[in-house]
Amino acid sequence: MMMTFDEIFETLPTNGWLTREEARLLHDTVKDCQGPILEVGSYHGRSTVLLASLGREVHCVDPFTGFDSDDPTGDVTKSKFLLNLSERRVSNIRLHRKKIEDWFPMFVFGFAYLDGDHTYGGTLRQIDKAIDAGVKTFCIHDYNQEGDGVAIVKAVKDRRLNVIRVVERMAHVRCPE
């Protein structure tokens with residue numbers, strides 16, 4: 001039996017930046033797509049658990065570095081990610097510990113959640129790699145007119161993605177037809 005959004009949200013790890021409203025948009029958007037899910041940027045797995053709760057395979061691409069100067073290798077961050085998945089018995093995850101530009105899709109994906117490198121170039125690489133993987137529908141986190149969000153907004157505009165809806169810092173976007 002499939003859990004409701006509220007039931008799923010209560011099971012998510014507490015560490016991370018995904019708000020309830022953003023999680024709702026992510027959940028509702030991916031629920032309407034078919035096929036495996038691509039997640040770029042997983043941190044401790046808050047969004048990963050949400051995506052995996054829909055019962056589809058989730059491919060997580062993340063080098064786990066750059067979050068904490070006390071964890072230059074990313075091993076501590078990755079361990080927390082794996083612990084959060086294990087505690088919730090999440091098993092439909094395929095982890096690719098690398099930068100998105102070093103990852104190559106082996107099949108077509110139905111949806112992508114992008115929350116990795118927040119620079120302009122990094123966002124372009126994430127979008128391009130997802131499009132190369134067949135993705136037409138995305139959610140992109142940290143989409144706003146402040147800080148790193150400005151670069152993300154510019155990358156979305158420059159790739160001519162159609163913005164369907166924005167909730168807080170989460171944008172639901174589609175490739176043009």
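**The largest pocket**

Helix α5 gives the lining of the largest pocket its largest share, three residues. Please keep in mind as you read that this is a predicted model.

*More on the pocket*

- The largest pocket holds about 560 Å³ of space.
- Its lining is made up of 31 residues, and those nearest the centre of the pocket are Gly41, Phe67, Asp115, Gly116 and Asp117.
- At least two lining residues come from each of α3 (46-52) and α5 (120-132).
- Sorted by class, the lining of the largest pocket has 12 polar, 10 charged and nine nonpolar residues.

*The cavity*

- Searching the whole structure turns up one cavity of 30 Å³ or more.
- Helix α5 and strand β5 (137-141) each contribute at least two residues to the lining of the largest cavity.
- By class, that lining has five polar, three nonpolar and two charged residues.

*Aromatic rings*

- Across the whole structure, five aromatic pairs are found.
- One of them joins phenylalanine 5 and phenylalanine 9, whose ring centres are 5.8 Å apart; the planes meet at 35 degrees, so this pair is tilted.
- Both phenylalanine 5 and phenylalanine 9 belong to helix α1 (residues 5-11), where they sit four residues apart, about one turn of the helix.
- In an α-helix there are 3.6 residues a turn, so residues three or four places apart point the same way.
- Phenylalanine 5 and phenylalanine 9 are both buried.
- Phenylalanine 107 and phenylalanine 109 make a stacked aromatic pair, with 5.0 Å from centre to centre and 25 degrees between the planes.
- Phenylalanine 107 has 35% relative accessibility and therefore counts as partly exposed.
- Phenylalanine 109, by contrast, counts as buried because its relative accessibility is 2%.
- Trp103, Phe107 and Phe109 are linked into a cluster by ring pairs.

*Glutamate 7 in helix α1*

- Glutamate 7 is also found in helix α1.
- Its relative accessibility is 43%, so glutamate 7 counts as partly exposed.
- A polar atom of the glutamate 7 side chain lies 2.8 Å from the backbone nitrogen of threonine 4.
- Between glutamate 7 and threonine 48 there are 15 Å in space, C-alpha to C-alpha, and the two are 41 residues apart in sequence.

*Helix α2*

- How far apart should the ends of helix α2 (residues 20-31) be? With 12 residues and 1.5 Å a residue, the helix should span 16 Å, and because its end C-alpha atoms are 16 Å apart, the model agrees.
- The buried residues of α2 are Glu22, Ala23, Leu25, Leu26, His27, Thr29 and Val30.

Definitions and conventions
Residues are numbered from 1 along each chain as its sequence is written. This is a predicted model: local features need pLDDT of at least 70, side-chain atom pairs count only at pLDDT 80 or more; totals for chains, interfaces and linings use all residues. Side-chain values use heavy atoms; hydrogens and water are left out. The expected span of a helix is 1.5 Å times one less than its number of residues. Buried means under 20% relative accessible area, exposed over 50%, partly exposed in between (1.4 Å probe, protein chains only). On a 1 Å grid over the protein atoms alone, a cavity is a set of points where a 1.4 Å probe fits but cannot get out, and a pocket is an open set with protein on both sides within 12 Å along at least five of seven lines; lining residues have an atom within 4 Å of a point. Grid points are joined across faces, edges and corners, and a volume is the space filled by probe spheres set on the points. Ala, Val, Leu, Ile, Met, Phe, Trp, Tyr, Cys and Pro count as nonpolar, Asp, Glu, Lys and Arg as charged, and the others, Gly among them, as polar. Rings of Phe, Tyr and Trp (its six-membered ring) pair if their centres lie within 6.5 Å; planes under 30 degrees apart count as stacked, over 60 as edge-to-face and the rest as tilted. A polar contact is a pair of N or O atoms within 3.5 Å; within protein, one must be able to donate a hydrogen and the other to accept it, and residues adjacent in sequence count only if both atoms are side-chain atoms.
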